[in-house]
Amino acid sequence: MQAKARAHSNIALIKYWGKRDVRLNIPAVGSISMTLSALWTETEVIFDERLSKDELILDNRRGNVKESKRISAFLDILRQKSGVPLKAKVISINNFPTAAGLASSASGFAALTLAAAKALKLNLSERELSILARRGSGSAARSLFGGFVEMFAGTEPDGSDSFAQPIAAQDHWDVRLLIGITSFRPKKVGSTEGMTRSKKTSPYYQAWIQSQPEDLKEMRQAILQKDFQKVGELTEHSCLKMHALALSSKPGILYWNAITVDAMHAIRELRHSGIQAYFTVDAGPQIKVLCLAEDEVRVRDMLRSINGIERTIVNKLGPAAQILEFDE
Ligand code: 2P0
């Protein structure tokens, strides 16, 4: 009983921050993302009666205690669903640095969900797979799909209406998302911890929850109408609003470094010179720039000219997660 799957990472244009239910990992707000062409995880899962505990190999090293516990807790959900009690070996490889704010948990849990469900011969709908992936990581629910994707917060206490679905396919629009790596160090405050802290302590939390539906609605429309200026403005707004929430938590969470801020200013300057480029930043210091295909080279050169940007990665819209191998 084994299978291997590949899932691509994604970046939220309208951000998810805050949980409605921590145990079931239900987000407090919906989100909209684009799946990335250049960043992915390949995960192989082998359920084996000879194993006495789950084993995790991550990027060619043994998973640490925290990582292994998170994977085992997730596999327990699948074991319960399938009635198959077997332990599993999980071998996962990212084609990019883990824990550097590049959403490795998104592609990682999406690939693991797809591979494990296949290996266990669970016949699940896309919605059921997305709900499962969400239990591993909120952003993973989106990484099962290609193109532009929307995640719903839902209202049901059991999370049965909190899943992702595509808004527009991979070939809808030739946009680019460039990533500038400003640091390879792992982030200091993990997303889950940061979200919990913001919910408990930020005076802006209610405003965040209340204003999200309008952002989602406008972004959905702007994507479908290919209104790039609108998509870009909403993207920057949601990013800055999410970070305002993090910054206003107690103690304040500051994910940016000096290079991140330099890059934000440089992107706005480029925009004033007539290039449509907009930034977004996640729970880490990397800078991400949304632009049109025709401006890719100008934006890439600008990012490379910023002191401290160690590497740039160019993405188009990426594909849905897929099974690579399956062995009964
Ligand atoms: C997002 N982020 O929408 C937001 C914006 C980071 C900033 O989703 O706790 O790893 O595993 O559900 O999905 C990163 O958090 O969080 C994230 P969990 P996840 O992409």
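**View 1. Strands E10 and E13 run side by side in the antiparallel sense.** Strand E10 (residues 175-181) pairs with E13 over 5 bridges, in the antiparallel sense. Here strands are DSSP runs of E with at least two residues, helices are DSSP runs of H or I with at least four, and both are numbered from the N terminus. Two strands count as paired if DSSP finds at least two bridges between them. Look for Ile179: its bridge partner in E13 is Ile313. A word on what you're looking at: this is a predicted model, where local features need pLDDT of at least 70 and side-chain atom pairs count only at pLDDT 80 or more, while totals for chains, interfaces and linings use all residues. Residues are numbered from 1 along each chain as its sequence is written, and side-chain values use heavy atoms, with hydrogens and water left out.

**View 2. Now for the whole sheet.** It's an open sheet of 4 strands, in the order E11-E12-E10-E13, with antiparallel pairing. Which strands stand at the edges? They are E11 (277-280) and E13 (311-315); each has a single partner strand, so one side of each is left without a neighbour in the sheet. From one strand to the next, the twist averages 25°, taken between axes that are lines fitted to C-alpha atoms, with angles running from 0 to 180 degrees between N-to-C directions.

**View 3. The ligand sits among 18 surrounding residues.** The closest are Lys19, Ser137, Gly138, Ser139 and Thr192; a residue makes the list if one of its heavy atoms lies within 4 Å of the ligand. By type, the shell splits into 6 nonpolar, 7 polar and 5 charged residues. (Nonpolar means Ala, Val, Leu, Ile, Met, Phe, Trp, Tyr, Cys and Pro; charged means Asp, Glu, Lys and Arg; the others, Gly among them, are polar.) Helix H5 (residues 191-201) gives the largest share, 3 residues.

View 4. A polar contact is a pair of N or O atoms within 3.5 Å. An N or O atom in the side chain of Lys19 is 2.5 Å from a ligand oxygen, and a polar side-chain atom of Ser137 lies 2.7 Å from a ligand oxygen. For Asn25, the distance from a polar side-chain atom to a ligand oxygen is 3.2 Å.

**View 5. Asn25 sits in a loop between two strands.** Those strands are E2 (19-21) and E3 (26-27).

**View 6. A cis peptide bond leads from Lys250 to Pro251.** Omega is near -10°. Pro251 is in the loop between helix H7 (228-247) and helix H8 (258-272).

How values were computed:
Polar contact = N/O pair within 3.5 Å; in protein donor to acceptor, adjacent residues only side chain to side chain.
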